Protein chains: 2
Amino acid sequence: MVTDNASPAESGYVQPEIDVRALTEVLDGEYAGIRDLVRTNLTAYASVLEEAEELGIDAYRERVRDIVVEMAATGQTGMGFPGEFGGGGDIGASVAAFETLAFGDLSVLVKVGVQFGLFGGAILHLGTRRHHDAYLPDLITGRLMGCFAMTETGHGSNVQALGTVATYDAAAQEFVITTRGEGAGKDYIGNAARHAELAVVFAQLEVGGKGEGVHAFVVPVRDGGEVVPGVRIEDDGRKMGLNGVDNGRIRFDGVRVRREALLNRFADVTPDGVYESPIENPGRRFFTMLGTLVQGRVSVAGAGVGAAKVALTIATKYAVRRRQFAAAPSADEQLLLDYGLHQRRLLPLLARTYALHFAQDVVRTQLHDVFSGTEDDAHARRLLESRAAGTKALATWHATRAVQECREACGGAGYLSVNRFAALKADSDIFTTFEGDNHVLLQLVAKGLLTHYASEFEDLDQLGTVRHVASLAVETVLEKTSAHKLFERVRDLLPGGDEWDREAGLLDPEYQLAMVRFREEHMLAGVARRLKRGIDDRRDPGAVFSQVQDHVIALARAHVERLVLEAFTEKVRELPEGGNRTALGLLCDLFALSTIEADRAWFMEHGRLTVQRSKAISREVNDLCRKVRPLAVDLVDAWGIPSEMLRAPDLVG
Amino acid sequence: MVTDNASPAESGYVQPEIDVRALTEVLDGEYAGIRDLVRTNLTAYASVLEEAEELGIDAYRERVRDIVVEMAATGQTGMGFPGEFGGGGDIGASVAAFETLAFGDLSVLVKVGVQFGLFGGAILHLGTRRHHDAYLPDLITGRLMGCFAMTETGHGSNVQALGTVATYDAAAQEFVITTRGEGAGKDYIGNAARHAELAVVFAQLEVGGKGEGVHAFVVPVRDGGEVVPGVRIEDDGRKMGLNGVDNGRIRFDGVRVRREALLNRFADVTPDGVYESPIENPGRRFFTMLGTLVQGRVSVAGAGVGAAKVALTIATKYAVRRRQFAAAPSADEQLLLDYGLHQRRLLPLLARTYALHFAQDVVRTQLHDVFSGTEDDAHARRLLESRAAGTKALATWHATRAVQECREACGGAGYLSVNRFAALKADSDIFTTFEGDNHVLLQLVAKGLLTHYASEFEDLDQLGTVRHVASLAVETVLEKTSAHKLFERVRDLLPGGDEWDREAGLLDPEYQLAMVRFREEHMLAGVARRLKRGIDDRRDPGAVFSQVQDHVIALARAHVERLVLEAFTEKVRELPEGGNRTALGLLCDLFALSTIEADRAWFMEHGRLTVQRSKAISREVNDLCRKVRPLAVDLVDAWGIPSEMLRAPDLVG
């Protein structure tokens with residue numbers, strides 16, 4: 001057995017004790033009630049984890065639909081809708097419920113997301129009273145199923161360029177919805193292949209021969225289970241995962257809907273064919289519409305964190321049970337988690353999962369405040385949208401990575417479907433793509449940083465940014481972050497002066513924060529300068545952007561990681577003294593230092609890490625892993641994942 | 001459109017032209033014939049890619065079995081067996097066939113591996129004439145199916161500690177095979193759940209009350225399709241992937257086999273119960289037996305490279321077809337592969353795939369030479385085993401990473417099963433675990449380096465190494481690599497003197513090689529010194545090893561990457577002048593520099609990269625990506641993957 005934790009012991013280190021129940025309370029926060037309801041529901045329907053494998057695809061889809069409707073009856077899935085229509089009137093609770101639901105079968109999760117988040121959210125946020133009255137009550141119970149028909153075969157990321165058209169026929173007072181061309185068919189649409197009766201269809205609105213940009217329409221696609229005339233639906237067929245969700249393709253051949261089918265919160269067409277909108281700029285109008293749907297990204301981010309928790313719980317429990325190789329011929333074989341390498345593989349992922357959990361708390365709260373109207377202005381919305389995009393990207397990549405590492409850490413046993421990783425991996429894979437491709441989302445985040453979330457930002461398409469940065473914002477950015485000024489700001493970031501970062505303790509939160517803040521500021525200035533240089537040289541904006549793109553992504557990552565570390569640090573700071581605070585402090589240090597370590601090349605390249613200090617950080621990460629190791633089981637138990645969700649009888653039992 | 005390749009154009013850079021057919025000849029090498037046979041067979045059975053989704057698990061298993069038997073009839077799968085039994089007598093060709101088979105359904109591949117590689121290989125290499133005569137002819141045709149029963153629920157990596165026991169009963173002249181305890185059941189055994197009639201069972205041999213270590217026995221498990229008395233077989237059930245292979249668990253309750261069932265090439269038991277072996281040391285005997293099975297690791301390494309090729313071919317073809325976002329409002333949307341970020345995501349993976357292909361050529365050739373007897377001695381065997389282990393680890397991790405990146409690079413379309421990634425990802429996932437867990441394999445590689453492949457190495461279990469290094473070998477290692485000597489050796493590595501690495505051209509192969517050689521040497525000395533210090537301090541060997549484990553893994557990686565770069569560099573050097581050589585030269589530079597870039601923190605920490613040079617390398621990687629971009633389609637086409645294997649009609653069509 002390996003009991004040789006010499007260095008901590010020598011330095012008088014005392015192992016903190018975790019109060020698991022109290023830690024769960026910290027994690028569940030103000031939403032303990034709804035989270036426990038979801039845990040109860042998950043346990044009641046735990047059999048779906050097996051049914052997912054055993055049932056044929058058709059039966060599995062029906063089973064998932066039934067579960068969603070039954071869960072809806074408990075109030076779990078309607079938290080985000082106003083009380084007057086039968087909802088719970090609590091947006092934060094709605095997201096918390098979704099996060100918790102990610103402990104279970106992810107087809108159930110995604111079906112809930114499609115029905116109540118995408119379809120229901122579009123009706124709620126893009127529609128007006130007439131749509132709410134007509135659809136919300138039945139939609140909230142799941143009696144009325146719908147789909148969200150935005151993505152097309154040809155356009156997933158660049159949805160401003162969709163090919164579906166809605167032409168206003170003033171004589172009939174109807175819109176005519178038409179799929180124009182091969183790539184314009186709606187695709188990958190959840191609920192489309194089987195269950196949706198209605199579709200919220202995003203289409204280019206044409207009124208009187210003039211294009212007014214993309215708008216959303218409520219279009220019946222099925223009546224009594226039969227596809228209606230003019231609509232063609234094709235099944236997307238088997239997918240890597242999420243086969244309990246019926247994704248499909250929809251094409252419209254001149255389908256007519258009445259004028260009131262336009263979801264008219266942000267724009268309307270008068271009966272005689274005059275287009276009206278309170279938002280004049282078409283780009284800003286479109287992004288305002290999209291912005292109301294930000295809850296989807298916040299939800300997927302939380303689901304990513306949830307999926308990572310399931311994987312890490314199984315792998316951690318396995319690693320304190322499974323032995324392999326003995327330290328001496330007569331000794332017992334060693335537990336996997338007593339190997340330094342195994343600690344290195346799992347524990348930084350555990351720390352990052354906690355970090356993302358607390359970062360998710362912040363973005364969920366922002367969402368709640370904006371959409372509950374307690375703090376809603378244009379600037380708050382832009383901050384929220386950026387933060388949601390960035391958190392979604394980092395959380396879902398983290399999920400992919402954590403699931404993979406945990407599967408490998410469970411060896412061949414991890415490959416058996418009964419041990420959960422098969423579904424977890426296949427189902428969560430698409431999280432990095434849907435609700436916005438992660439790379440596109442990070443570019444959005446960077447765009448916000450470069451333009452300081454200025455309102456002009458909304459008027460721009462992606463490459464507009466390049467020109468915009470050149471002509472308008474770059475001076476501001478450079479002024480704020482020019483080489484000279486940057487130096488001053490860095491000094492501001494380092495409370496003990498410019499040399500302080502060479503002497504500060506590695507475990508000083510101020511040091512850790514200063515490091516990630518410096519990285520972000522420096523990268524921001526670097527990207528701005530590169531863009532400006534390219535434009536000044538009169539090079540093709542597309543090529544300039546293409547060449548600077550990896551820096552753009554790095555900047556956005558650095559920004560989001562800074563937000564995540566701030567959220568974690570702040571959470572630790574506000575906890576009462578005690579074992580839980582000490583334990584989370586260790587975990588926060590592990591997250592901060594392993595994050596700096598992962599990018600230590602950059603810090604060295606930019607003069608913020610000496611060689612000696614860089615090596616010291618790696619040693620400290622190893623030390624922290626050894627300190628977290630005895631806490632690992634408590635730390636995963638505190639997530640409160642119902643044991644039925646872990647399955648894996650041979651791994652964790 | 002992005003046509004702005006300013007820097008290459010300005011410097012008079014001329015785009016090389018690739019002769020795809022000639023490049024395929026380079027890649028296929030001396031095994032073009034067998035590879036083309038496999039391509040033909042893959043195309044003939046292309047429907048299995050769809051059947052894998054459509055058939056139930058039982059029917060899919062039968063289908064895969066049938067295909068394997070039918071392929072066997074073409075001679076494809078028997079290349080590794082001697083001609084006198086109906087084989088092809090060409091071990092290299094056998095591996096080349098397996099590599100090519102990885103373009104298709106991976107259940108077929110793994111079934112072939114189980115039947116002809118593991119089961120057939122054990123009979124061939126551990127058995128003697130009597131076993132060859134009895135089993136090889138029917139085994140090669142697939143009439144006789146068997147399994148390789150080594151792994152147990154409790155022991156996958158530490159197979160010296162298996163729990164199954166074979167006791168010799170001298171009176172009956174029989175061995176009695178018994179599963180002792182819960183964890184001792186054979187598990188994850190391919191062919192066991194359904195098709196195997198025979199099992200090669202690895203068990204602790206006990207003769208006259210004395211344990212003689214693990215040996216292999218031929219044990220009938222089915223007769224006419226029915227499981228025989230004393231044997232219990234359980235289906236492992238559904239797995240993440242490879243569901244066309246029938247994995248199962250086997251338990252033995254005092255099953256009796258005659259004395260001749262012992263595969264007695266390396267040890268035998270006389271009728272009256274005397275144990276005899278030409279290899280005295282039990283550890284060395286065991287590793288000698290295992291060593292004969294090295295072909296499995298070489299084969300899986302090649303399969304990993306093949307799976308990566310399929311993924312990269314689809315993603316590359318998609319990226320030169322798919323457009324998203326326009327550089328200017330009036331312009332066409334840009335092709336994905338014209339984005340700098342997209343190049344960064346795919347092209348270094350493409351370069352690494354080529355690098356691993358040529359590294360695989362080397363290890364396959366070594367295997368062929370050792371097992372054909374042209375170059376077979378103990379040292380050559382140890383080098384081969386180390387190289388096979390290391391290449392397997394790097395190639396299979398590369399496959400996992402490439403498949404994931406390529407799926408994400410194909411967006412939502414990549415998630416549909418019809419587009420190939422679903423099966424590719426699920427099926428290849430276990431490559432990092434089977435035939436040796438990658439982390440365990442890399443420790444084996446490091447062990448070889450630390451002991452200079454000394455013969456004592458074979459006598460040691462994993463932790464024996466720690467004591468061994470302390471008591472015996474560390475002086476040698478340190479002597480060869482001590483701080484002072486190391487400096488001299490580094491000077492040797494840098495042909496232009498010690499400062500040369502700061503001035504040499506980044507594209508000079510000698511510079512690139514010197515960098516990865518220096519890294520390996522330095523890491524080797526570092527690990528040796530750390531181990532020695534721990535042992536000198538009389539600390540618990542297990543803890544010493546645990547703490548140094550991440551350095552051990554880093555060392556092994558560095559070693560294998562050095563071998564891979566040497567293989568690629570050498571291949572480029574020996575090609576005739578022309579477009580293909582120039583193109584592969586670019587790719588080799590991209591591999592070398594992106595490898596150094598990925599570890600640039602280490603090089604900076606160890607004084608081998610200045611900050612300026614580190615940044616210059618990143619810029620050069622970007623430049624190389626832009627130069628490789630126009631060649632990308634030709635480079636993937638040269639792999640000669642039959643178009644039927646790509647499926648993905650919407651992505652590549």
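Reply: Let's start at the rotation axis: Ala601(A) comes closest to it of the residues of chain A, with its C-alpha at 2.1 Å. Please keep in mind that this is a predicted model, and the axis is computed from that model. Turning chain A by 180°, with 0.0 Å of shift along the axis, superposes it on chain B with an RMSD of 0.0 Å. The two copies are thus related as by a two-fold rotation axis.

Now for the surface through which the copies touch. Chain A brings 86 residues to the contact, and chain B brings 86 residues as well. In chain A, the residues that lose the most area to chain B are Phe325(A), Tyr415(A) and Glu605(A), which together make up 12% of what that side buries. Between them, chain A and chain B bury about 7000 Å², and carbon and sulfur atoms account for 51% of that area. Since 100% of the interface residues of chain A are also interface residues in chain B, the copies meet through the same surface.

Eight salt bridges are found across the interface of chain A and chain B. You can look for a salt bridge between Asp550(A) and Arg344(B), where the closest N and O atoms are 3.9 Å apart; the cut-off for a salt bridge is 4 Å. The two chains also share 54 residue pairs in polar contact, counting pairs with both residues at pLDDT 80 or more.

From here, let's step back into chain A itself. Its domain assignment gives domain 1 (20-145), domain 2 (148-280) and domain 3 (295-637). By that numbering, Ala601(A), where we began, falls in domain 3. The centres of domain 1 and domain 2 of chain A, taken over C-alpha atoms, are separated by 25 Å. Their contact takes 27 residues from domain 1 of chain A and 31 residues from domain 2 of chain A. About 2500 Å² is buried between these two domains, with carbon and sulfur atoms giving 58% of it. On the domain 1 side, Arg61(A), Leu126(A) and Arg130(A) supply 26% of the area buried against domain 2 of chain A, more than any other three residues.

This contact inside chain A has its own polar side: four salt bridges and 18 residue pairs in polar contact, both residues at pLDDT 80 or more.

Finally, have a look at the nonpolar core. The largest one has 343 residues, and those with the most contacts inside it are Tyr354(A) and Tyr354(B). Beyond its neighbours within four places in sequence, Tyr354(A) is in contact with several residues, among them Leu23(A), Phe568(A), Leu635(A) and Trp639(A).

Methods. Residues are numbered from 1 along each chain as its sequence is written. Chains are lettered from A and ligands numbered from 1 in the order in which they are written. This is a predicted model: local features need pLDDT of at least 70, side-chain atom pairs count only at pLDDT 80 or more; totals for chains, interfaces and linings use all residues. Side-chain values use heavy atoms; hydrogens and water are left out. A nonpolar core is a set of buried Ala, Val, Leu, Ile, Met, Phe, Trp, Tyr and Cys residues joined through side-chain atoms within 4.5 Å. Buried means under 20% relative accessible area, exposed over 50%, partly exposed in between (1.4 Å probe, protein chains only). Contact means heavy atoms within 4.5 Å. Copies are superposed by least squares on the C-alpha atoms of residues with pLDDT of at least 70 in both. Domain bounds come from an automatic or database domain assignment. Buried area is the accessible area (1.4 Å probe) that two parts lose on being put together, summed over both. A salt bridge is a side-chain nitrogen of Lys or Arg within 4 Å of a carboxyl oxygen of Asp or Glu. A polar contact is a pair of N or O atoms within 3.5 Å; within protein, one must be able to donate a hydrogen and the other to accept it, and residues adjacent in sequence count only if both atoms are side-chain atoms.
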